[in-house]
Amino acid sequence: MAAGGDHGGPDSYRSPLASRYASPEMCFVFSDRYKFRTWRQLWLWLAEAQQTLGLPITDEQIQEMKSNLDNIDFKMAAEEEKHLRHDVMAHVHTFGYCCPKAAGIIHLGATSCYVGDNTDLIILRNAFDLILPKLARVISRLACFAKEHADLPTLGFTHFQPAQLTTVGKRCCLWIQDLCMDLHNWKRVRDDLRFRGVKGTTGTQASFLQLFEGDHQKVEQLDKMVTEKAGFKRAFIITGQTYTRKVDIEVLSVLSGLGASVHKICTDIRLLANLKEMEEPFEKQQIGSSAMPYKRNPMRSERCCSLARHLMTLVMDPLQTASVQWFERTLDDSANRRICLAEAFLTADTILNTLQNISEGLVVYPKVIERRIRQELPFMATENIIMAMVKAGGSRQDCHEKIRVLSQQAAAVVKQEGGDNDLIERIQSDAYFSPIHSQLEHLLDPSSFTGRAPQQVQRFLEEEVYPLLKPYENVMNVKAELCL
């Protein structure tokens with residue numbers, strides 16, 4: 001049997017998120033190479049700042065560390081960890097082996113969370129930087145779709161029962177609005193990320209105060225210098241051994257929010273596919289079913305829903321982890337965080353890649369939509385017909401009763417005989433309604449039942465969507481690529 005941690009070949013389990021779904025760039029951000037290379041970069045930044053502030057660290061030591069940032073002996077590190085049962089010290093030794101002159105000053109004054117937590121924060125920031133443009137592109141594609149179909153009437157549903165008319169574009173704006181909220185929340189959480197910084201074992205900076213012989217100003221400068229080198233504007237003033245795990249809750253909460261948004265969007269698309277009003281893209285050689293060759297299953301939308309459910313559940317991990325961090329820190333956060341943080345971003349990445357592909361190829365069938373409207377519109381138009389009859393001199397009560405009887409007859413044809421809604425034909429053949437027969441076509445124009453939907457679409461896109469997308473204009477032309 002393969003040893004634990006052996007990820008090679010078809011005889012070992014690999015997460016489908018990495019092997020099947022997520023993009024190469026997101027997989028790399030959560031890779032061992034990126035993680036441990038960042039550890040080495042953090043050790044270099046610490047040494048550079050300590051040298052600048054007067055500690056006896058030579059230029060030769062600094063240069064040796066710089067030259068070996070990418071020279072990682074993963075096999076040696078794994079052997080060291082088996083022996084030491086400590087991942088950070090295993091990599092301290094491995095780095096020191098290829099930097100013999102600098103070995104004595106690597107990790108000077110630091111605790112494991114200096115590299116562990118700070119690397120996690122760098123990874124979280126960079127992972128957000130990968131998926132924020134992807135979410136913006138999805139919104140952009142859907143905005144184009146909404147604009148194109150802003151005036152196309154369609155039957156609205158409440159409780160998945162026929163309601164009043166809306167437009168295809170207005171319905172799409174419901175999806176876009178939720179995604180815009182996600183984009184706003186992601187940007188806020190990403191920009192609010194703070195560096196853990198240089199804090200020591202319990203967050204008191206005692207080890208660094210000792211290194212600088214009680215010089216508080218130098219300790220603060222050290223913290224500030226390393227924070228700036230890492231590209232953060234702020235660091236936490238207060239930490240225990242770790243940064244507060246409430247940060248992980250915020251990150252996974254906003255990612256879980258995407259799961260809810262996408263599940264709703266793709267469920268709508270799946271239901272519309274069943275109604276034959278809209279379909280996701282279907283490739284020329286794509287097979288819908290191994291048994292039923294005619295099938296055109298909405299497999300991309302189904303994949304999004306499946307992964308969205310997983311994404312929504314992941315927020316429970318940091319919620320529970322934060323609640324059981326005793327005093328300054330307990331290690332029962334570690335194994336859980338290795339899984340949930342990476343999986344949340346890889347899942348969100350996969351969902352967005354797939355949803356962009358869907359949004360770039362949505363197909364609408366106006367004739368099917370029109371036929372469904374014709375089935376339901378006669379009942380919706382009855383109030384307009386009554387008003388027209390009253391204007392023509394009729395009695396509102398008499399007209400109401402006439403239409404009530406004819407509506408029930410038409411409903412019986414639809415429900416009991418499986419026929420089409422023939423209410424309008426019944427009204428046209430009833431002499432009572434002869435004063436408005438010439439107006440029926442106008443009274444039944446679907447566009448007169450959509451209210452301000454087209455105007456709402458235009459205003460929403462211009463006032464809320466386009467300004468939100470402006471910072472991402474230079475990445476809008478990237479096409480979606482599905483791994484499988």
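## Record and basis

UniProt positions are given in the numbering used here, with feature names shortened, and its annotations may be inferred rather than shown by experiment. In an unreviewed entry, UniProt lists residues 377-461 as "domain: Adenylosuccinate lyase C-terminal". Over residues 377-461 the chain is 64% helix and 0% strand, with the end C-alpha atoms 28 Å apart; helices (H or I, at least four residues) and strands (E, at least two) are DSSP runs, numbered from the N terminus.

This is a predicted model, in which local features need pLDDT of at least 70 and side-chain atom pairs count only at pLDDT 80 or more, while totals for chains, interfaces and linings use all residues. Residues are numbered from 1 along each chain as its sequence is written, and side-chain values use heavy atoms, with hydrogens and water left out.

## Overall form

The protein contains 20 helices and four strands. Its radius of gyration is 31 Å, well over the 23 Å that the globule rule gives for 484 residues, so the protein is more spread out than a compact globule; the radius is taken over C-alpha atoms, and the rule is 2.2 Å times the number of residues to the power 0.38. Along the principal axes, the C-alpha trace spans about 105 × 55 × 40 Å.

Of the 484 residues, 49% count as buried, where buried means under 20% relative accessible area, exposed over 50%, and partly exposed in between (1.4 Å probe, protein chains only). Among contacts (heavy atoms within 4.5 Å) with a separation of 6 or more, 78% join residues 24 or more positions apart.

A nonpolar core is a set of buried Ala, Val, Leu, Ile, Met, Phe, Trp, Tyr and Cys residues joined through side-chain atoms within 4.5 Å. The largest such core has 134 residues, of which Phe128 and Ile176 touch the most other members. Helix H7 gives the most to this core, with 18 residues. Leaving aside neighbours within four places in sequence, Ile176 is in contact with Ile139, Leu142, Ala143, Ala146, Phe460, Leu461 and Val465.

Asp120 also lies in helix H7, and its side chain makes a polar contact with the side chain of Arg337 (3.0 Å). Such a contact is a pair of N or O atoms within 3.5 Å; within protein, one must be able to donate a hydrogen and the other to accept it, and residues adjacent in sequence count only if both atoms are side-chain atoms. Beyond its neighbours within four places in sequence, Asp120 is in contact with Tyr243 and Arg337.

## Helix H6

Nine of the twelve residues of H6 are buried, among them Asp87, His91, Phe95 and Cys98. The buried residues of H6 pack against helices H3 (32-52), H4 (59-67), H5 (74-84), H7 (112-148) and H14 (334-359).

## Loops and strand S2

Phe160 lies in the loop between strand S1 (153-158) and strand S2 (161-167) and is partly exposed, with a relative accessible area of 42%. Phe327 is placed in the loop between helix H13 (316-323) and H14, and counts as exposed at 80% relative accessibility.

Pro162, in strand S2, is partly exposed, with a relative accessible area of 38%. Leaving aside neighbours within four places in sequence, Pro162 is in contact with Leu155, Gly156, Phe157 and Glu376.
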